[in-house]
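Student: Hi! I have just opened a new model and would like a guided tour. Could you walk me through it?

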Amino acid sequence: MTRTRSDWVIQTDNLTKFYGRTRAVTDLSLTVPKNSIFAFLGRNGAGKSTTVKLLLGLIRPSSGGGTILGYDMVTESIQLRRRVGYLAQDYRFYRRMTVGQTLRFVAGFFYRGPQRLIEGRVQESLELVGLVDKLDCPVGQLSGGERQRLGIAQAQINNPELLILDEPTASLDPMGRKAVLDIMNRLRERTTVLYSTHILSDVQRVADGVAILDHGRLVTQADVGELLEHGAGSVYSMTIKGDPNRAVSMLQRLPWVISVQVRMQPSDAVLQIQVSDDQEAEARLLRTVLADTSVIVTGFGLQAPELEDIFIHLVGGEDDGKQ
Amino acid sequence: MASSDSHQLVEAHGWWAGFRNLLAKENADWWGTKTGLVQSLLWFSVINGSLFVVLFFSLDMPVDARLSNAVGVFSVLVGLFGPIGAIIKVQDAIVGERQLGTLEWVLSKPVSRSAVIWSKVLGNTIGVLVTMVVVPGTVAYLQAYAFSGVFVSPGKFALGSVLLALSPLFYLTLTILCGVLFSTRGLVVGVPLSLALGQHAAVSLVPGLARVTPWLLFRQVEPMVLGGHPEGIKVMVLSTLVWIALFMAAAVWRFSTEEV
């Protein structure tokens, strides 16, 4: 699909940020389409939070720049923050305030009145995140999941055209994560959501588009479906009895095999074989292993593509933060 | 969104963006909680309690001496304790928010950096002056009458209180500047507190400093209120205002480059 300039909410051009001599973000040229949930994926320390702060004008780029909703991210950051909502990774609210006071305080940056409508907006926000009964609860008494939902409520209180969430599900249990992802899905109808994460399963579940960042550089940017289809070749699963090392060494000699991972089980081993050529794989993969008569194959098939495989393929190396 | 169509939107731009909301929050921190009451009671106890003791033991003195004691002791107490109170109260204003992480949250909203500094200074100035000067000053005025039977000119007493307020204001803005410059509480408190505690030693070493700082301004209040001859008061006031302006300008400039 061809997009015009006005279809993008975020456009950055060679965005670069140094901290001293350390490059946190390097030549990042990113485009985020309107009305999508766009995931910003990378390991811990990949530069995701730095990029988010650059976009909001919380830190200044060392070079490069960009626009958000048509506003320059450096010179017009106050104007753009009127139309953007943000939830930081390690956010903090004033503990002495109640949930209602927190939302009214944030609303005060956007609305002057009438008070009746501001209260209505506070109620709508609480309903969206399921915290209506917590209106008068001090922020300090909320659970982790409730605080995260309050974080989303305050971030969207101005009906932002762009909602930026930095690792919104990182510290939550499965139920908390589901609740937050459900809220993001509800918000999809009215706003563009850019969220950074290192939880690959969440991205596959809710995101339309994804950008993968590694060591401050953009590795790839694509629609999630497109990436799953073409991202890293196909993955075949083969269950064998016998010595898996011999099978692995045979497979690794094939030029169209990208990687082989072994998962040992009590009575057998499962090989996950990533390939770059489906036709060759279909014709020769099974035969190659069966050539070794000491190995018995008890299962073989094409795996549904997983974002995790693509991520490992693109980023490579050991992953210290991926789940 | 349909619901937002009827909202009156905040339109402030430039340095003003977000100021009103931030100042309301600062005022709520003082007056929407027990802080204002507790601070008022504390300074009432320290200043007016001490003044009561001094006046009680000077009942056998002539009326003029009692009046002079009342104004003089009040000035000394505010002149000595006001700066320390201001430093302790505002030392957390910037560095506390930075360490808690609320600063990043606030700055992610449509606010200007200068609005954050101005709201902190103005909100705390109101709080500090009301609790450390206005409330104790009003009570001290009545105490002076109660123990001498003579009303001091209210205009002159008010003007004297304004002069006394300059010293806490000097230290308040200096502490805010230190909060912007340093990230550890030790330095934020230590630098202005060292200056406040060492100001008399500094003046005795370099007497000229007294003319260009608010350090001995409190000594000029009694002669000014009771019709004496205050010395060099205009230069002291002007110098103090210049210092305050410099501290504010430096804080606003440095905070505009802060990365959170």
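Tutor: Happy to; we will go through the chains, their contact and a few local details. Keep in mind that this is a predicted model.

Student: Let's start with chain B. How many helices and strands does chain B have?

Tutor: Chain B has ten helices and one strand.

Student: What does the C-alpha trace of chain B span along its principal axes?

Tutor: It spans about 75 × 45 × 30 Å.

Student: And what share of its residues is buried?

Tutor: Of the 260 residues in chain B, 43% are buried. Looking at contacts with a separation of 6 or more in chain B, 82% come from residues 24 or more positions apart.

Student: Okay, helices now. At what angle do H3 and H6 of chain B pack?

Tutor: Helix H3 (residues 63-90) and helix H6 (residues 113-148) of chain B pack at about 165°, and their axes are 10 Å apart. That angle makes H3(B) roughly antiparallel to H6(B). Their crossing is right-handed.

Student: Which residues of H3(B) and H6(B) make that contact?

Tutor: On the H3(B) side they include B:Leu67, B:Ala70, B:Val71, B:Phe74 and B:Val78. From H6(B), B:Val128, B:Met132, B:Val133 and B:Phe147 are among them. By class, the contact of H3(B) with H6(B) has 14 nonpolar, five polar and two charged residues.

Student: How does H6(B) sit against H10 of chain B, then? What is the angle there?

Tutor: The axes of H6(B) and helix H10 (residues 233-256) of chain B cross at roughly 140° and come within 8 Å. With that angle, H6(B) is oblique to H10(B). This crossing is right-handed.

Student: Which residues meet there?

Tutor: B:Arg113, B:Ser114, B:Val116, B:Ile117 and B:Val121 in H6(B) meet B:Met248, B:Ala251, B:Val252, B:Phe255 and B:Ser256 in H10(B). The residues of this contact divide into seven nonpolar, two polar and one charged.

Student: Let's look at where the two chains touch. How many residues does each chain bring to the contact?

Tutor: Chain A brings 29 residues and chain B brings 28 residues. On the chain A side, helix H2 (77-82), helix H3 (99-107), strand E8 (111-113) and helix H4 (115-129) each supply at least two residues.

Student: Which of those gives the most?

Tutor: H4(A) does, with four residues. By class, the side of chain A that touches chain B has 15 nonpolar, four polar and ten charged residues.

Student: You mentioned strand E8. What does E8(A) pair with in chain B?

Tutor: Two bridges join E8(A) to strand E1 (residues 8-9) of chain B, and the two strands run antiparallel. A:Tyr111 stands opposite B:Leu9 in that pairing.

Student: Speaking of strands, in what order do the four strands of the open sheet in chain A come?

Tutor: The order is E14-E15-E13-E16, with antiparallel pairing. Strand E14 (257-264) and strand E16 (296-303) of chain A are the edges, each pairing on one side only. From one strand to the next, the twist averages 20°.

Student: How many bridges do E13(A) and E16(A) share?

Tutor: Strand E13 (residues 234-241) of chain A pairs with E16(A) over seven bridges, in the antiparallel sense. There, A:Met238 stands opposite A:Phe300.

Student: Which helix packs on the sheet?

Tutor: Helix H9 (residues 244-252) of chain A packs on it, touching E13, E14 and strand E15 (269-275) of chain A. The direction of H9 makes about 170° with that of E14(A).

Student: New topic: how many residues of H1 in chain A are buried?

Tutor: Nine of the nine residues of helix H1 (residues 48-56) of chain A are buried, so the helix is largely enclosed by the rest of the structure. The buried residues include A:Lys48, A:Lys53 and A:Leu54. Just after H1(A), A:Gly57 takes a positive phi of about 80°.

Student: Which residues have a positive phi without being a glycine?

Tutor: A:Asn14 has a phi of about 50° although it is not a glycine, and A:Asn35 also has a positive phi of about 50°. A:Asn14 is in strand E1 (residues 8-19) of chain A, while A:Asn35 lies in the loop between strand E3 (31-33) and strand E4 (37-42) of chain A.

Student: Why does A:Asn14 count as partly exposed?

Tutor: Because A:Asn14 has 13 C-beta neighbours inside 10 Å. A:Asn35 has 14 inside 10 Å, so A:Asn35 counts as partly exposed too.

Terms used:
Residues are numbered from 1 along each chain as its sequence is written. Chains are lettered from A and ligands numbered from 1 in the order in which they are written. This is a predicted model: local features need pLDDT of at least 70, side-chain atom pairs count only at pLDDT 80 or more; totals for chains, interfaces and linings use all residues. Axes are lines fitted to C-alpha atoms, for helices over the stretch in contact, and angles run from 0 to 180 degrees between N-to-C directions. Angles under 35 degrees count as roughly parallel, over 145 as roughly antiparallel, 65 to 115 as roughly perpendicular and the rest as oblique. A crossing is left-handed if the near helix is turned anticlockwise from the far one by less than a right angle, and right-handed if clockwise. Two residues are in contact if their C-beta atoms, placed from the backbone, lie within 7 Å. Ala, Val, Leu, Ile, Met, Phe, Trp, Tyr, Cys and Pro count as nonpolar, Asp, Glu, Lys and Arg as charged, and the others, Gly among them, as polar. Two strands pair if DSSP finds at least two bridges between them. A residue is buried if 20 or more other C-beta atoms lie within 10 Å of its own, exposed if 12 or fewer, and partly exposed in between; C-beta atoms are placed from the backbone.
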